Amino acid sequence: MTAVHIPGVPVIDAGQLVSTSPATGAEAGRLPVATDADVRQAVESARAAGEWWAGLGFTGRRQRMLRWRALLAKRIEQLAELVHVEGGKPTADAIVEIVTAIEHIDWAARNAGRVLGPRRVRSRLILAEFSGHLEYQPHGVVGVIGPWNYPVFTPIGSAAYALAAGNAVVLKPSEYTPAVGQWLVDSFAEVVPEQPVFTAVHGLGDVGAALCHSGVDKLAFTGSTATARKVMAACAETLTPVLIEGGGKDAMIVDSDADLDAAAEACVWGGMTNAGQTCIGIERVYAVDAVFDAFVDKVVTRAGRLTVGPEGTDIGPITMPKQIDVIRRHIDAAITSGGRAVLGGPSAVQPPYVHPTVLVDVPEESAAVREETFGPTLTISRVRDADEAVTRANALSYGLGGSVFGRRRAVATARRLRSGMASINSTLTFAGMSTLPFGGVGDSGFGRIHGEDGLREFGRAKAITRRRARSLLPSMTFERTPADVARLVKAIKVMYGR
């Protein structure tokens with residue numbers, strides 16, 4: 001008998017993980033739950049496949065990855081519909097997510113050889129008789145634990161770069177969006193049918209833990225900061241290197257010379273796209289006193305026009321039902337502590353939906369300001385100037401992204417944000433730029449995906465020296481003479497003693 005459960009909450013039924021729509025309860029997929037032995041076997045199979053994959057070289061991998069990219073582009077509507085059904089995300093948002101992921105696949109495939117391939121490195125005078133060589137070799141098998149809020153874009157941000165670098169990948173999708181993860185794996189297998197280079201294992205948190213202990217050579221995790229600590233602890237037992245993208249509580253700063261219409265438009269998008277379920281989403285806004293009132297009015301007007309519901313709307317359901325309790329608690333805490341809802345408020349929480357909510361006058365110590373909300377809510381605070389805004393923005397332990405709107409001081413202000421990324425006169429745009437690294441600091445994690453840094457994250461730097469001639473200043477040998485040492489000392493004084 002099929003288990004009865006809350007729409008959107010994954011359950012295990014007869015050894016299968018059952019995924020349902022948070023909006024309608026319609027079944028989105030059933031995937032076999034992996035045991036610890038299954039996970040270990042997947043990694044071992046991937047290890048053999050990875051040797052074959054690495055042996056294809058950058059050119060062979062590029063050709064196959066570009067075919068995968070083309071397949072995703074041709075089936076973009078099909079994948080978007082699955083993302084919509086399984087996670088509740090509006091189809092238009094799903095398409096934007098997939099388009100961005102396709103761009104990352106393309107860039108990683110085309111640039112891996114240039115970034116990671118063997119190259120000559122200049123030597124220095126003291127070792128002039130040696131040539132230096134550098135290359136980045138694949139780790140072997142990379143484990144990827146993906147999130148539910150961006151089930152295409154985020155896992156591909158690790159998987160595509162790891163694959164381009166020559167690794168095999170074992171993906172553990174979120175239990176809230178396993179069907180999307182399996183779709184990605186199956187589509188890759190269509191263009192690379194020879195070996196299980198990119199595979200998936202499914203289940204709840206214990207399957208993710210099993211992947212940490214499975215012998216993968218590196219693990220990339222995206223999720224909450226609390227779970228990130230557990231992942232790190234598990235991987236530390238075997239000294240397995242990790243890449244962590246934790247939570248965020250990103251801030252937007254609106255300076256006195258900002259274009260307020262553009263700022264309001266970007267603020268509403270940055271804070272409420274994907275129902276606010278975005279790790280780099282704008283959750284806090286600091287607007288200088290001179291523009292505060294006008295800016296709030298513009299945000300309320302724009303956010304108030306957003307539609308909410310299951311189909312053809314701007315905002316869909318909250319994907320993870322228990323997150324609704326967090327959103328409700330934050331709204332209540334903001335108002336209890338003296339804040340005001342100028343749009344929405346407690347009545348905006350109508351499970352499985354949360355309507356746009358804009359809060360002002362919320363104390364900085366409130367949970368609505370200090371904790372990740374992950375809903376379509378914004379707190380907007382009045383500050384004296386950009387300096388105070390930076391101080392408040394940097395006061396939290398999170399440090400993922402951020403945004404600054406203004407003209408004269410915008411670049412300088414963005415540089416002062418304690419974050420891995422920042423957008424000027426836009427929001428979230430750094431995520432879509434495949435040439436830039438993506439990642440955070442502090443409780444938001446460490447390591448980088450995307451861009452050249454993202455490719456290097458999935459390769460081991462291998463340094464090689466090669467003797468070209470006999471040593472004029474022999475030092476690294478017991479055959480050196482006192483005269484050799486004297487010449488070495490003299491050379492160092494001439495070169496560096498000035």
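Mentor: We will take the salt bridges one by one.
Mentor: This is a predicted model, where local features need pLDDT of at least 70, side-chain atom pairs count only at pLDDT 80 or more, and totals for chains, interfaces and linings use all residues. Residues are numbered from 1 along each chain as its sequence is written, and side-chain values use heavy atoms, with hydrogens and water left out.
Trainee: How many salt bridges in the whole structure?
Mentor: The search finds 29. A salt bridge here is a side-chain nitrogen of Lys or Arg within 4 Å of a carboxyl oxygen of Asp or Glu.
Trainee: What does Glu 190 form a salt bridge with?
Mentor: Arg 75, with the closest N and O atoms 2.8 Å apart. Glu 190 lies in helix α6 (residues 178–191) and Arg 75 in the loop between α2 (57–74) and α3 (76–87), so the pair ties together parts 115 residues apart in sequence. Helices are DSSP runs (H or I, at least four residues), strands too (E, at least two), numbered from the N terminus.
Trainee: New one. Which side chain meets Glu 283?
Mentor: Lys 249, at 2.6 Å, N to O. Glu 283 sits in strand β12 (residues 282–288), and Lys 249 in the loop between β10 (242–245) and β11 (250–254).
Trainee: Is Lys 249 buried or exposed?
Mentor: Buried, at 1% relative accessibility. Glu 283 is buried too, at 4%. Buried means under 20% relative accessible area, exposed over 50%, partly exposed in between (1.4 Å probe, protein chains only).
Trainee: Which residues are linked in a network?
Mentor: Salt bridges link Arg 114, Glu 452, Asp 453 and Arg 456.
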